[in-house]
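User: I'm new to reading structures, and I'd like a close look at one part of this one. Could you take me to the inside of the protein and show me what sits around a single residue there?

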Amino acid sequence: MKRYIAPLLIGLLGAAILLWLGTWQISRLDWKRGILDDIETTIASDPKPLPRLIDPDAQRYQPVALRGEIGDEALAVLVSVKQRGAGWRLISAFQTDDGRRVLLDRGFAPVDQKDAPLYAGPAEVTGNLHWPDDRNSSTPDNDPAGNTWFARDLAPMAEVLDTEPLLVVARQMSPADKGVTPLPVDTSGIPNDHLQYAITWYSLAAVWLIMTGAWIWRLRTGREA
């Protein structure tokens with residue numbers, strides 16, 4: 001009987017740890033769903049004027065309404081969009097009626113439309129403030145001279161277009177941009193993998209218990225050396 005104590009302890013302790021990890025991921029899942037619900041509520045709320053004092057933490061995804069003029073220059077950010085393929089996010093300067101200049105993410109254009117003519121002039125825009133985190137360790141360096149960008153890096157873009165380092169992602173524009181499809185901010189790019197992690201931990205706990213049972217069975221049948 002004593003020879004079964006160690007396998008039982010190892011099996012039960014290991015399974016308990018794995019089950020605890022799975023349960024912790026379930027709690028994280030509920031926490032993440034709450035955050036995503038809050039973000040979606042913020043995105044869909046009524047637009048406000050462009051704020052004077054900028055607070056990225058408090059104003060992330062805040063809806064805004066702009067009136068002014070779109071510039072005739074557009075920076076092209078290489079992206080890939082589901083069901084559309086490769087293309088460009090087009091970023092222009094927008095000068096508001098009260099004289100502020102900000103970055104405007106106009107939306108998506110197909111890869112062969114990088115240099116297609118774009119509307120420039122008076123416009124009304126509703127969109128959301130955004131501080132994108134497009135860059136990671138594998139993102140290539142931008143090529144401003146060739147107008148090929150690989151991330152929406154606000155500071156260098158603002159320098160090129162002579163704007164504030166403040167980005168508005170268009171949700172709707174009037175007049176509409178011909179050939180450009182808005183890519184409004186949403187929660188689809190925010191990962192929520194906690195359910196998959198929970199299933200993984202629970203599956204490992206089941207496997208651990210099965211292996212423990214096999215170990216004890218081998219001890220009972222004398223097959224263990």
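This is a predicted model: local features need pLDDT of at least 70, side-chain atom pairs count only at pLDDT 80 or more; totals for chains, interfaces and linings use all residues.

Analyst: Leaving aside residues up to four places away in sequence, Leu66 touches Leu50, Phe94, Thr96, Val102, Ala123, Glu124, Val125 and Val168. Now step back to the group that Leu66 belongs to. The largest nonpolar core has 35 residues, and Leu66 is listed among those with the most contacts inside it, along with Leu50, Phe94, Leu103, Leu104 and Val168. Where do the residues of this core come from? Two or more are given by each of these elements: helix 1 (5–43), helix 3 (154–161), and strands 1 (63–81), 2 (85–96), 3 (101–110), 4 (121–130) and 5 (167–174). Strand 1 gives the largest share, seven residues. There is also a second, separate core of six residues, and Ala74, Trp88, Leu90 and Val180 are among them.

To place these elements, follow the chain from its N terminus: the order is α-α-β-β-β-β-α-β-α, with four helices and five strands in total.

Finally, look at the whole chain. Of its 225 residues, 39% count as buried. The radius of gyration is 26 Å, whereas a compact globule of 225 residues would have one near 17 Å. Along the principal axes, the C-alpha atoms fill a box of roughly 85 × 35 × 30 Å.

Conventions:
Residues are numbered from 1 along each chain as its sequence is written. Side-chain values use heavy atoms; hydrogens and water are left out. A nonpolar core is a set of buried Ala, Val, Leu, Ile, Met, Phe, Trp, Tyr and Cys residues joined through side-chain atoms within 4.5 Å. Buried means under 20% relative accessible area, exposed over 50%, partly exposed in between (1.4 Å probe, protein chains only). Contact means heavy atoms within 4.5 Å. The radius of gyration is taken over C-alpha atoms; the globule rule is 2.2 Å times the number of residues to the power 0.38.
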